[in-house]
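Subject: A structure for you to explore

Hello,

Here is the structure I promised to pass on to you.

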Amino acid sequence: MTGGLMLLCVALFTMAETKSAVPDAVEAQQFLIRDSSGKLRGAMGVTQDGAVGLNLEDSSGRTRVTVDLAADGTPGIDLFDKDGNVRATIALGEAGEPGVGLYGPGGHLRTSLDIPAAKTPGLAFYRTDGTPAWGVP
């Protein structure tokens, strides 16, 4: 009985000394995010061409937000409506020039604000069919 009690004490002491450490890193080429029912709600990973991205989906499985870094290093964020159409984009070009695009429900560009390579800011508005309506410069 005494031996068993001593063994139990040693085991408890050993468990108290053992750290319940969180790992310093978790590595993978892709991470999947699932809800409590197991449905895929998002993913983060690296594609074969070297791009890396985060994709978030709504409860119906439609992509609503993407954040990506292309293989050439250009970052971008896209927002999608409930029908899967891109509605807003924020991105940087290869030289770091910023751009914002707002899209209509049909997927046509409706408004853009950017600073092209010439370093002159531009603002443009487009009709519902995507044809230019007004812009400066």
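The protein chain has a mean pLDDT of 87, and 85% of its residues reach 70 or more. Where pLDDT is low, the predicted coordinates should not be read in detail.

Next, have a look at the largest pocket, which holds about 170 Å³ of space. It is lined by 15 residues, and G45, T47, G53, L54 and N55 are the closest to its centre. Strand 2 (40-46), strand 3 (52-57) and strand 4 (63-69) each give two or more residues to this lining. Sorted by class, the lining has 7 nonpolar, 7 polar and 1 charged residues.

Now for the surface. Which residues form a nonpolar patch there? They are V67, I77, L79, I90, V100, L102 and L113, and together they have about 540 Å² of accessible area. At least two residues of the patch come from strand 5, and at least two from strand 7 (98-103). L113, another member of the patch, lies in strand 8 (residues 109-114).

Last, find the peptide bond from V136 to P137: this bond is cis, with omega near -20 degrees. To locate P137, go to the segment after strand 10 (132-136).

Enjoy exploring, and write back with any questions!

Best wishes

Key
Residues numbered from 1 in each chain as written. Predicted model: local features only at pLDDT ≥ 70, side-chain atom pairs only at ≥ 80, totals over all residues. Heavy atoms only, no water. pLDDT = per-residue confidence, 0-100. 1 Å grid on protein atoms, 1.4 Å probe; cavity = no way out; pocket = protein on both sides within 12 Å on 5 of 7 lines; lining within 4 Å. Points joined across faces, edges and corners; volume = space filled by probe spheres on them. Helix = DSSP H or I, 4+ residues; strand = E, 2+ residues; numbered from the N terminus. Nonpolar A, V, L, I, M, F, W, Y, C, P; charged D, E, K, R; others polar. Patch = residues over 30% accessible without salt bridge, like charges linked within 9 Å, V, L, I, M, F, W, Y side chains within 5 Å. Areas by Shrake-Rupley, 256 points an atom, 1.4 Å probe, with all protein chains shown as cover. Salt bridge = Lys/Arg side-chain N within 4 Å of Asp/Glu carboxyl O.
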